[in-house]
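Hello,

Please find the structure below. My notes on it follow.

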Amino acid sequence: MIGRWNRKYRQEGSYFPKRCGGSEKKIDLEKLEKSIKATQDMPLKKAAQEFGV
């Protein structure tokens, strides 16, 4: 067990786990906020089409 920790530190320079993956934001949050303020009654499907998600 200690050997693995030591090897990890030598290879990566840290004992901490790597960050988990994630995805980039698919939409511009500022554009979304402006769109919501302008058309508050827009159906969800139409909003999704507008932002391509």
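This is a predicted model: local features need pLDDT of at least 70, side-chain atom pairs count only at pLDDT 80 or more; totals for chains, interfaces and linings use all residues.

**Salt bridges and helices**

E33 counts as partly exposed, at 45% relative accessibility.

Residues are numbered from 1 along each chain as its sequence is written, and side-chain values use heavy atoms, with hydrogens and water left out.

Which residue does E33 meet in a salt bridge? The partner is K37, at 3.3 Å from N to O. A salt bridge here is a side-chain nitrogen of Lys or Arg within 4 Å of a carboxyl oxygen of Asp or Glu. K37 is exposed, with a relative accessible area of 58%. Both residues sit in helix α2; because they are four residues apart, about one helical turn separates them. Helices are DSSP runs (H or I, at least four residues), numbered from the N terminus.

The rule gives two salt bridges. E12 and K8 form one, with their closest N and O atoms 2.7 Å apart. These two lie in helix α1, four residues apart, which is about one turn of the helix. E12 is partly exposed at 38% relative accessibility. K8 is partly exposed too, at 22%.

**Aromatic rings**

A pair of aromatic rings is described by the distance of the centres and the angle of the planes. Rings of Phe, Tyr and Trp (its six-membered ring) pair if their centres lie within 6.5 Å; planes under 30 degrees apart are stacked, over 60 edge-to-face, and the rest tilted.

How many aromatic pairs does the structure hold? There are two. W5 and Y15 make a tilted pair, 5.9 Å centre to centre with 35° between the planes. This pair links distant parts of the chain: W5 is in helix α1, Y15 is in the loop between α1 and α2, and they are 10 residues apart. Y9 and Y15 have ring centres 4.7 Å apart and planes at 20°, so their pair is stacked. Together, ring pairs link W5, Y9 and Y15 into a cluster.

The loop holding Y15 runs between α1 (2-12) and α2 (29-38).

**Surface patch**

**A buried serine**

S35 lies in helix α2. At 11% relative accessibility, S35 is buried. What does S35 touch, leaving aside neighbours within four places in sequence? Its contacts are M42, E50 and F51, where contact means heavy atoms within 4.5 Å.

Best wishes

Key
Buried means under 20% relative accessible area, exposed over 50%, partly exposed in between (1.4 Å probe, protein chains only).
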